[in-house]
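Open your viewer, switch to the cartoon view and get ready to select a few residues. We will take the tour one stop at a time.

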Amino acid sequence: MSKLAVAGKAPKYEELAVELRRRIADGLYAQSGFLPRERVLSEEFQVSRNTLRNALKILADEGLITAVQGRGTAVNQTPVISLEFVAVDCRKYLYSASSFVLGLLHEIDRQAARNNGFMTYMGLESDSEKDIAVLREKLSAKKNIGGLILLGSFTRNMLRQMRHFPHPTVMIGDVFLEPLRNDELFVSQVVGDDYGMAYQSTERLLDEGACEIVLCGPPRSIIWGNSSFNGFQDAYLDRAFPFKPENYLELLDGTTCSTEEFLHFASETLEVRFRNSPRPDGLILPVHCFAAVKHIFDRYHLKIPRDLKVIGRSSKAGRYSFPNLTYSPEAMVREAFNLLQSERESGSRTRQRRIVGPVWQEGEVTH
């Protein structure tokens, strides 16, 4: 028995059509050239014959199948055109390929294959008009581009120059070097909910009894830093608790410095805060900064207080000894492909922004 993927969000016959379309694209019925009998499919998916026939009608209208009298439902052999999905980053502002960017690239490659295509990678050396013109020239030599996926740090000026590119385009991430989101969209965007990540983390610690919470976040000069600060602040204000802006510790932007520089700055910043009173009883920080906290306490021959409540923020799934909020590369890339498909079907830029929420990973606190 097979289960339909998005039960409750669409009519069953549409869900079934999506699954059968995927199987046809994957070549599951290529050898026989026919779909299984209606009785077999109805039993497999536990749907009525009417539901199945409505799904088959959708596929027939798309030209994917044809009813052959006395033989069943034939799968039409259509030429397959592979689409090329081009991942582009700007090397001027990307210090190094972070684990999150690498995770996105892996997921783009995987989902491109599922969308009858493949991924290629291009690096943009700078934000100059010359380099963007070179990129456009390289893209013009390609055929069957399914879309561009921009990764890393793109400024508004770069996006403005790329708005006339003829290809469907989506950016995963926020505009770089700006403190606030702008309604002026040159390309569609998929962004993480940094506000929600900070709010949920703070809300949880407050509910657990912490009051002197410290959140280590990006600088407020960039969008995701401002969003984190606002989420941190609002979680306090919504409960009518006194909020201390100084408990938001601005770290370096991890995309513009090395891991060593980032951790050194984080260690010094946390040391100053932990040496002052009142000591934090709640801590929200990037998971890889927890080693900096241990280093501070070890330096002064102290133990991490058992009542210190910790929540991590991370860019990828992993196993940690404390609760952790992370973003799913799969969910972000899926939204990106949905936007690209929408632009291919409409033949124009949709200029939408989709926000992907964080997900919890529970961990056992064992200091």
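**Stop 1: a proline in a loop**

Begin with Pro-278, which you will find in the loop between helix H9 (259–275) and strand E10 (282–286). Keep in mind throughout that this is a predicted model. The peptide bond joining Ser-277 and Pro-278 is cis, with omega at about -5 degrees.

**Stop 2: two positive phi angles**

Next, select Asn-144, in the loop between helix H5 (129–140) and strand E5 (145–151). Asn-144 is not a glycine, and yet its phi is positive, at about 60 degrees.

Then jump to Arg-351, in the loop between helix H11 (329–346) and strand E13 (353–356). With a relative accessible area of 37%, Arg-351 is partly exposed.

**Stop 3**

Select helix H1 (residues 12–25) and helix H2 (residues 38–45) and give each a colour. Their axes come within 13 Å and cross at roughly 115 degrees. Angles of 65 to 115 degrees count as roughly perpendicular, and H1 and H2 are therefore roughly perpendicular to each other. The crossing of H1 with H2 is right-handed.

Which residues of the two helices meet? Show side chains for Leu-16, Glu-19, Leu-20 and Arg-23 in H1, then for Leu-41, Glu-44 and Phe-45 in H2: these are the ones in contact. Sorted by kind, the contact has 4 nonpolar residues, 3 charged and no polar ones.

**Stop 4**

Finish at helix H8 (residues 223–237) and try the distance tool on its end C-alpha atoms, which are 21 Å apart.

How many of the 15 residues of H8 are buried? The count is 11, so the helix is mostly covered. Among the buried residues are Trp-224, Phe-229, Phe-232 and Tyr-236, as well as Gly-225 and Gly-231. To see what the buried residues of H8 pack against, show helix H7 (194–207), strand E8 (213–217) and strand E9 (248–250).

Terms used
Residues numbered from 1 in each chain as written. Predicted model: local features only at pLDDT ≥ 70, side-chain atom pairs only at ≥ 80, totals over all residues. Heavy atoms only, no water. Axes fitted to C-alpha atoms, helices over the stretch in contact; angles between N-to-C directions. Helix = DSSP H or I, 4+ residues; strand = E, 2+ residues; numbered from the N terminus. Parallel < 35°, antiparallel > 145°, perpendicular 65-115°, else oblique. Left-handed = near helix turned anticlockwise from the far one by under 90°. Contact = heavy atoms within 4.5 Å. Nonpolar A, V, L, I, M, F, W, Y, C, P; charged D, E, K, R; others polar. Expected span 1.5 Å × (residues − 1). Buried < 20%, exposed > 50% of the residue type's maximum accessible area, 1.4 Å probe, protein only.
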